[in-house]
Amino acid sequence: MAADQPMKMIICARRNPALTREQFFHHLRHIHWPMVRDFPSVAASLRGYVQNHAHGDASPTGVAAPCRVETGRDSVIELHFDSDAGVARLVGTPEYIEHVRPDEARFNDLSSNIMVKCREEIVFATGRPGRCKRFDFLAMNQATGSGDFRKTLQAHATRLSLDPVHTAIIDCYAHNWPIGSEEPGSQGFGSGAFDCVRTIWAHSVEGLVMASTLGEAAPMIDYAKSFSVFATEFTMIPATD
């Protein structure tokens, strides 16, 4: 895909261990977000900004997910950009360098964050999706080719989109396909790179359980490296088309 197409950065974060989860969420929504919002040059670099506050230890016991539920992650941030150049524009903004970036280190454990640079593919969406979300960070096993993995996951999602029982509960279903080089620090760091981040929206955790299956793609997954995160969505800047 061309470098001037819209893309996004998914950041799966751990909080600074000096903070409680409540303090982390407060800082993220009431200190960090206003800082992003109030510097016009920073906000203008983003075509969308979504905070997803992870349920973590509050996740229902025994909740079903296609991969292990990662309770040690505190947020999943989605930053939308108009192009690859938009990322460079953001990190090169003087206000970001002087104010926003230092603040990120105050409430995050930056060394353990996972970052995935990707392009979003919406499989299906309703008019008003719920704010309850599940992120599936999927890594392929070594025996699987990337082309087969992608086609199989897409075919499975398409079949789900035609299932009235499934679509009555699941509001939106998307694949985020990593782009760029596979060098550490480009697609991911911390736990490493991923081959797809699947995102599913519903109005309840119970609804998300209905979308637990990976279908035909299940044998292709490296389950030791893959994980799921349940979260509640807070849209700060709605993504533009």
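Is Cys 172 buried or exposed, and what is the relative accessible area of Cys 172? Cys 172 is buried, at a relative accessible area of 6%. Buried here means under 20% relative accessible area, exposed over 50% and partly exposed in between, with a 1.4 Å probe and protein chains only.

The model is predicted: local features need pLDDT of at least 70, side-chain atom pairs count only at pLDDT 80 or more, and totals for chains, interfaces and linings use all residues. Residues are numbered from 1 along each chain as its sequence is written, and side-chain values use heavy atoms, with hydrogens and water left out.

The cysteines were examined for disulfides. A disulfide is a covalent bond between the sulfur atoms of two cysteines. The criterion was a pair of cysteine sulfur atoms within 2.5 Å. A search of the whole structure returned 0 disulfides. For Cys 172, the closest cysteine sulfur belongs to Cys 196 and lies 13 Å away, too far for a bond. For Cys 12, the closest is that of Cys 118, at 12 Å, again too far for a bond. Cys 12 is buried, with a relative accessible area of 0%.

Helix packing was examined next. Helices (H or I, at least four residues) and strands (E, at least two) are DSSP runs, numbered from the N terminus. Helix H1 spans residues 21-38 and helix H4 residues 94-107. The two pack at an angle of about 180°, and their axes are 11 Å apart. H1 is therefore roughly antiparallel to H4, a label for angles over 145 degrees; under 35 counts as roughly parallel, 65 to 115 as roughly perpendicular and the rest as oblique. Axes are lines fitted to C-alpha atoms, for helices over the stretch in contact, and angles run from 0 to 180 degrees between N-to-C directions.

Contact means heavy atoms within 4.5 Å. On the H1 side, the residues that meet H4 include Phe 24, Leu 28 and Val 36. Their counterparts in H4 include His 99, Val 100 and Phe 107. Asp 103 also lies in H4. At 2% relative accessibility, Asp 103 is buried. Beyond its neighbours within four places in sequence, Asp 103 contacts His 27, Ile 31, His 32 and Met 35.

Asp 136 is buried, at 0% relative accessibility. Not counting residues up to four places away in sequence, Asp 136 touches Pro 66, Cys 196, Val 197, Arg 198, Ile 200, Phe 227 and Ser 228. Ser 212 is 76 residues from Asp 136 along the chain, yet their C-alpha atoms are separated by 9.5 Å.
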